[in-house]
Amino acid sequence: MIRLELKPLETIQDAWTMLEQAIGVEFGTLPPYLYAMFSIPPGQNVPSASRIKSVLLQEMVHMCLACNILNAIGGAPALKPPSYPGFLPGGIGPDGKPLKIRLLRLSREAMKQAMDIEEPVDPLDFPDAPLEALAAGPTAVTIGEFYAALDAFLATLPGQAWKSNRNQITDDQFFAGQLFAVNAYPDAHRAISIIVSEGEGAKDTPLDFQDELAHFYRFSEIYRDKVLTKAKNKQGYQWGPRKLGVDWTKVFPCIPDPGVHDFSKEPAEAQAAQAACNLAYSRMVDALQSAMTGTAGQLGVAVRAMFDLRLAAQVALRTPLRDPKLVAGPAFVYTPTSGGASQ
Amino acid sequence: MSVLETPRIYFRGEIAWDPITTNNDPDFYNENTAESVISPGETVQAYRESAIQAVPTGLWNPHGTHRSIFFDTEISGADLGAGTITDDPFVGSPCGFLGMLVDCEPYGAWSSQQFFDSMQFGIAGGCQISCARTMRAVARYINFVRNSHNRMIAGVGSVIWQTSFPKAALQLDAHDSPALIALNKAIAAKDVLGLTVRWNTYRTIYYDNPCLRNGSAATAAAAAALEAKLNEGGFQPNPARGLVVGVIGLWRKSEPAQEPGDRALLAALPGEVVASAFARLDRDRLTIDLGNSIPEVDELLSKQDFGDLKAVAVAADGVTVLAKLGSLDYHQYDRNSYERASGIVTLRLDAKAAKAAKGANIQIRTGDGVLVLAEQALRALPTDHNLYLDEGKSAQSFIQVFKHGAPVGAGTLVTIYDGNSLASVGSATTNSSGVAAFTMSSIAGGAVEPYILVAGPNPVAPAQLDPQTTPYMYVRTLPADAATAALPPTWDNVYAKVLANWNAMAPCMDNWLRLNDEAQVRAYAPVLKQLTDPGNFEAYRFMPVTRDMTPGERTLLYAFLDSAPAAALEMAEAPAQKPRLRNLEKMSRAMRSR
């Protein structure tokens, strides 16, 4: 389970810092989830790809909502693209140490990592494979608790602390029904409730506020290759019996952690493919940075860059390395293209 | 019939519409030749820029994708025979639908359809109905006076969508849901083919602003802002948003799959203020689908108050009342009732009234006797609502005739009229199943033509195609394009004669495949051939989305994809082609409607 360091919240600057961290965590989940999703060839492992994609899209929404809150209280979002393998901002793992996030193709290991990131404070225990209870460090909180503390602080802010319509990203182009402007505390509270609900679900159900499975359980379904199914038992659910249909072998043979791979020894085509991925990713980050700070049209530029990244990844994942049995997915290495994002 | 039986399940929510609008305009697209109108010497980039410049004139979404998607849509209730319930465990479950919105006739608004792969009600592992597509969803009975308050592009309108799923395409997991348990039991009946899903979309908002009105300064400002955004680059869709109410119910043998086949109560007020509705008589109950019928009058979506609406059975003269069937007070058709039961209302009849209603026409009248809806007993409904033909080909198409919502027997005359000239183009009589067969022929050079269907003896040509009252079908002929097929399969030819069409009109394609990049196109050859294979025509991902690739274009494209790059480079230059003639009459008509 990812736990985040929680410092006392006393000033609005503390809230800005906390929201920056939240934005970093939401953004930071994208590369590992994208890597796993990209590693699935078209038409293969469809239920798995669909579940990972659904989480990815919601993480993007969560990031935008966190930006909206930060903008609404006068802050200025600054994307800090992480390097992988590496750590989520402020992230602390189950043993009280930072959890190193890796870029892994679709695999049990990748899904376990995703479950670790998304695990709620008290994961529901369903028959067939009960989960171990996890101990919390004294200064570390779950993402849900982290947001709860933020929510409690935001509730105390006076009305004039909220700046209406400041650099807000709404659903007028993308994410219909999911993105909305934060203009006052009730909007922020709603945004936080959605982020926590979709990530962790409710205390007594694996479902989120829209009766969809929370992220942890979507990844668990892939990990276990079983559909979480309603059941007439104490818990209300059980794993299976229907299988999800995961075939761990039906993935591109991509290496783990391409960010630390020495591509200078790889064929020129593989180097070019990586360069194309990194360029598209960097453009996406820079456009996102502009969009978050209120530049009209830049979200559309970022989305186009995201599609470019996908196209570049598809080339990379079909380009053999020196060992012709292997390929590499995108390393998500950021290089500023327009001075947009922070490093 | 169908969804008007119980058990039935309701859903409600919203839908995003994201069509490319460029092909709605004859300045940019020729629907007869199925080609983007790229002037000699004009580049694809210049064409795209022209489309952006046309945003202020009404082309509101040059970066559309054709996708339409449910959002914030959930199961809202069920009726197991004793009225609407909202405490079933299935209620609140999410509903998922992702379709490609494509007009068979791109200039017009009456031939919309959605190509999709699945509909999902609930989630895997929970209470769910999972439906794999077997046929597209079709729009019918478009109502252009639905919401007079919302006069913005098509925001004033509403439309009925319908598709059906055979049993083999369904997975229904009832768990602890009485509604799904009842549906599961009912669906097992021998004469039930599967499930029909019917939904109504209405109150469409453009530019994400419910206050915009056609021709207003605010609308001009919104269009200017979009134009500026488009000029920033990137991917800048401008989806519209609408509301949805819908119903899931039984699909019985002989019931039409893609439009209501129930008893048709047609719009009778001047201006069709109350749009056509559908009714089913089941022993002591008359169920009426008013899902598309009662207009909203304000931004709060308040329904127009007509006072009590009375259902009566009338004699053949259409005036004499044979029996009073019941009455609906305003609260039975107001906004709350509409959203609670997706516009479906039920009247309990006494035995005498039920008997009278069985063989007589039904009407809906206001309390002071004004006729609002009048049943047309005989209806000839197409099974191919939007038929695509290649030039030179023909296809047999079947028309099912209903009388009071039930299939007729043998010997009923069906006449087809050209929807433009209103000339009779053929007639046939029904077989013992009430089906008349016609051979629909393609049109030389390509065209999109509507046909009106009239059932019964002594047919009279309708005054016009009225989607509220006249059953109709569209036939789109794609030109053979033999000259294109005969071109050498070089990159220059395949790009200029095939791919540039969609590269110009659909900038969204840049997200998935750069159509102007020979290497990419070649790299995706197997996928391209799969996605453009006519055998996959119904699939969500079929390419081109607009279903307008001509046989000649396909032949040239496949010849190119099958050729080796080096060989292609050595091909001789293409012989010069004669320029195609534009259908000026069609273009003129479309210009008038813009």
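**View 1. Chain B as a whole.** Chain B of the predicted model is built from 12 helices and 30 strands. Its radius of gyration is 25 Å, close to the 25 Å that the globule rule gives for 594 residues, so chain B is as compact as a globular protein of that length. Taken along the principal axes, the C-alpha atoms of chain B fill a box of roughly 80 × 50 × 50 Å. Of the 594 residues in chain B, 54% are buried, and among the contacts in this chain with a separation of 6 or more, 72% are made by residues 24 or more positions apart.

**View 2. The contact between chain A and chain B.** Chain A brings 19 residues to this contact, and chain B brings 27 residues. On the side of chain A that touches chain B, the elements that give two or more residues are strand 6 (228–230) and helix 9 (298–316) of chain A, and helix 9 of chain A supplies the largest share, 5 residues. By residue class, the side of chain A that touches chain B consists of 8 nonpolar, 6 polar and 5 charged residues.

**View 3. The nonpolar cores.** The largest nonpolar core holds 240 residues, and those with the most contacts inside it are Met284(A), Ala302(A), Leu325(B) and Ala357(B). Helix 3 (residues 46–72) of chain A gives the most to this core, contributing 13 residues. Apart from neighbours within four places in sequence, Ala357(B) is in contact with Leu281(B), Leu286(B), Ala313(B), Ala323(B), Leu325(B), Leu349(B) and Ile362(B). A second, separate core is made up of 25 residues, including Ile399(B), Ala447(B), Val448(B) and Ile452(B).

**View 4. The surroundings of Val448(B).** Val448(B), one of the residues of the second core, lies in strand 29 (residues 447–455) of chain B. Val448(B) counts as buried because it has 25 C-beta neighbours inside 10 Å, where the cut-off for a buried residue is 20 or more. When neighbours within four places in sequence are left aside, the contacts of Val448(B) are with Glu31(B), Cys104(B), Glu105(B), Tyr474(B) and Arg476(B). Arg335(B), by comparison, is 113 residues from Val448(B) in sequence and 38 Å from it in space, C-alpha to C-alpha.

**View 5. The surroundings of Arg340(B).** Arg340(B) is placed in helix 4 (residues 335–341) of chain B. Because it has 18 C-beta neighbours inside 10 Å, Arg340(B) counts as partly exposed. Although Arg340(B) and Tyr10(B) are 330 residues apart in sequence, their C-alpha atoms are 8.0 Å apart in space. Leaving aside neighbours within four places in sequence, Arg340(B) is in contact with Gly77(B) and Thr84(B).

**View 6. The packing of helix 5 against helix 6 in chain A.** The axes of helix 5 (residues 143–155) of chain A and helix 6 (residues 185–200) of chain A come within 10 Å and cross at roughly 170°, and the two helices are therefore roughly antiparallel to each other. From helix 5 of chain A, the residues that take part are Ile143(A), Gly144(A), Tyr147(A), Leu150(A), Asp151(A), Leu154(A) and Ala155(A). They meet Tyr185(A), Ala188(A), His189(A), Ile192(A), Ile195(A), Val196(A), Gly199(A) and Glu200(A) in helix 6 of chain A. The residues of this helix contact divide into 10 nonpolar, 3 polar and 2 charged.

Terms used
Residues numbered from 1 in each chain as written. Chains lettered and ligands numbered in written order. Predicted model: local features only at pLDDT ≥ 70, side-chain atom pairs only at ≥ 80, totals over all residues. Contact = placed C-beta atoms within 7 Å. Helix = DSSP H or I, 4+ residues; strand = E, 2+ residues; numbered from the N terminus. Nonpolar A, V, L, I, M, F, W, Y, C, P; charged D, E, K, R; others polar. Buried ≥ 20, exposed ≤ 12 C-beta atoms within 10 Å, placed from the backbone. Core = buried A, V, L, I, M, F, W, Y, C linked by C-beta atoms within 7 Å. Rg over C-alpha atoms; globule rule 2.2 N^0.38 Å. Axes fitted to C-alpha atoms, helices over the stretch in contact; angles between N-to-C directions. Parallel < 35°, antiparallel > 145°, perpendicular 65-115°, else oblique.
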